[in-house]
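I opened my notebook to go through this structure piece by piece. Here is what I looked up, in the order I got curious.

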Amino acid sequence: MSAVESEGVVLGGLGEAELPVAAAARGPRTSMRSVGMRMLGGLFVVCLLVFMIGPIVWLGLRAFSGLWQFPQLLPKQWTVAGWRTVFKDPNLSHSMKLSFEFAPVVTLASAAICLPAAYAFSRFRFPGRRVLLISLFATNAFPKIGLYIAMAGVFYSLNLMGTFLGVVIVQLIGTVVFMTWIPTAAFSAIPRSLEEAARDVGAGPLRVFFRVTFPLAAPAILVAMILSFLAAFDEAQGTFLVGVPNYITMPTEMYTLVLNYPEQVAAVFAMLLAVPSVVLMSLARKHVMGGKLAEGFQIR
Amino acid sequence: MVLPPVGVIAVFIGFPVGAAIAYTLGKTGGPNSVMSLLAQHEHVAKHGVTTAPYREMLSNPSVREDLWSTVWVTIVTVVVVVLVSWGIALYLRLNDTWLARTVSGLSVVPLFIPVVIASYSIAIFWGPDGFLRSVAYHLGYHGFPSLGFTLTCVVLAEIWVNIPFGVLMMSSGLNSVPNALIEAGRDSGASMPRVVRSILLPMNVIPTVIVATFTGIYVLGSFTVPYLTGPTQPNLLGPTMSNFFTAFSQPQQAEVLAMIVFVLALALGTAYVWANIRASKRAGATS
């Protein structure tokens, strides 16, 4: 291997094992090296599998285990007792209900507030536009706990502590960045000529927006809404600080569970908490992977 | 149309952050008076400002230890996430086999799992009765360390959480490099590593900067991951901040830590903004 090649391999990071395979596949030579690289690649996939999926599977097993001692690789007894505990405990089921109330409210409120702004950011070049986009980003850089502590002071004086609205605001703060950036990129990607063409054949501005612009931006808006829903659904710290003792959602309850309940109950609750994420992300998978998320992170 | 979100941000982030900055400098009146009622061991500036809260926190040895852990955990996580996501994205760009599709599927799994659950399961997985120790035991290696509730576990969990974003950003960047360009490089005799170094690497700088800064900012400010997977002491500044507020009732000290993290994050943020502006200027010049 030449010096140039080995340098490239270092730059490629973990992909190093696979690069030469691609090179070899182009030519007719299939050498011992290619077989070795294939095995290395396989090993990497196995490591990735264990690293990525292992913890989740391990937790899933725990949700059904009756007796499980180190160093057994599987539980000795299986049970659904943990599931019964979770569904019978009024606190736990109440927190599930609350979570499903807050997340949709926050998502819709966030969409109502941010989507018009996203449209304005992409269509109008007003002074201070870039500064505003960047300051949205700066809010993302301030550590959340510090922010929540600072917000708590303001919330006390506005009587928002322990209220529904207070929790909605705390959760909404975490969604503003997604809800503005991702749709902004999507609106910007729609050629103006399309809108102008629609207007030329006699469509009014509203009609142009709802028949041309919106349908084209819809996938990105869907991604933004799902990310917001999940951000709201998973938000624990701020909700805890503002909502206690009236509004304890699933993720806030999770902290208590991890510390105070049997491991198995926490595992069951964790599995339940993951359900909405898995379902929603599966729905949006195509668009998230297709780059809708990535496009939102480049300021133009 | 831009007003509503900017207003929400200004009222619920800008204003509290401004008040918090004043608070850390010893201003306990105005919007800080309620917090000040609850606060223990507060530094008050009679006139002007005081840096006493900062001096107190920065001379506290355990806080310094936490600050140091925060910095190295962040650096290690950023480096690993950038390298691994570059590697995976590059592999996906150059291969379209079932193996590549498996890798791409695996690398976005964390997007589907709430962070609370991820942290909890990772702590158990690497913990004293976790999978790796059990497997090592069966393979005859009884001394495998328990990594649960150590800073190493925090790094592992932070990597786990940040990989999908890294891979998605890098893939999106690499996919925007036209195939023709790669083919052209290959046809003129460049080896694959050479193509990567001279074509793909320079064209993927912006996504790399974005991944590095966002991962860094995420780790610096993270709470859930270190809280659930890390040791009691020393841990990252996120949990320490929360301790100073809830356990010690010292909001002023907590805010000082928040400011320190904020300054570190802003330093990273500057790199991000600079890279973006440079890129959009260049795009403007060519089009």
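Leaving aside neighbours within four places in sequence, which residues is F269(A) in contact with? I found V86(A), L92(A), M254(A) and L257(A); contact here asks for C-beta atoms, placed from the backbone, within 7 Å.

A note on ground rules before going on. This is a predicted model, where local features need pLDDT of at least 70, side-chain atom pairs count only at pLDDT 80 or more, and totals for chains, interfaces and linings use all residues. Residues are numbered from 1 along each chain as its sequence is written, while chains are lettered from A and ligands numbered from 1 in the order in which they are written.

**Confidence.** I checked pLDDT (the predictor's confidence in each residue, from 0 to 100). Chain A averages 79, and 88% of its residues score at least 70.

**Chain B.** I counted 14 helices and zero strands, taking helices (H or I, at least four residues) and strands (E, at least two) as DSSP runs numbered from the N terminus. The C-alpha trace spans about 75 × 65 × 35 Å along its principal axes. Of the 287 residues, 52% are buried; that takes 20 or more other C-beta atoms within 10 Å of a residue's own, with 12 or fewer making it exposed and anything in between partly exposed, C-beta atoms being placed from the backbone.

**Where the chains meet.** I find 85 residues of chain A in contact with 86 of chain B. Helix 14 (residues 263-295) gives the largest share of chain A's side, 13 residues.

I noted a cis peptide bond between Q233(B) and P234(B), with omega about -5°. P234(B) lies in the loop between helix 12 (224-229) and helix 13 (237-247) of chain B. N159(A), not a glycine, has a positive phi near 55°, and this residue counts as exposed because it has 10 C-beta neighbours inside 10 Å. F149(B) also has a positive phi, about 60°; with 18 such neighbours, F149(B) counts as partly exposed.

Conventions:
Two residues are in contact if their C-beta atoms, placed from the backbone, lie within 7 Å.
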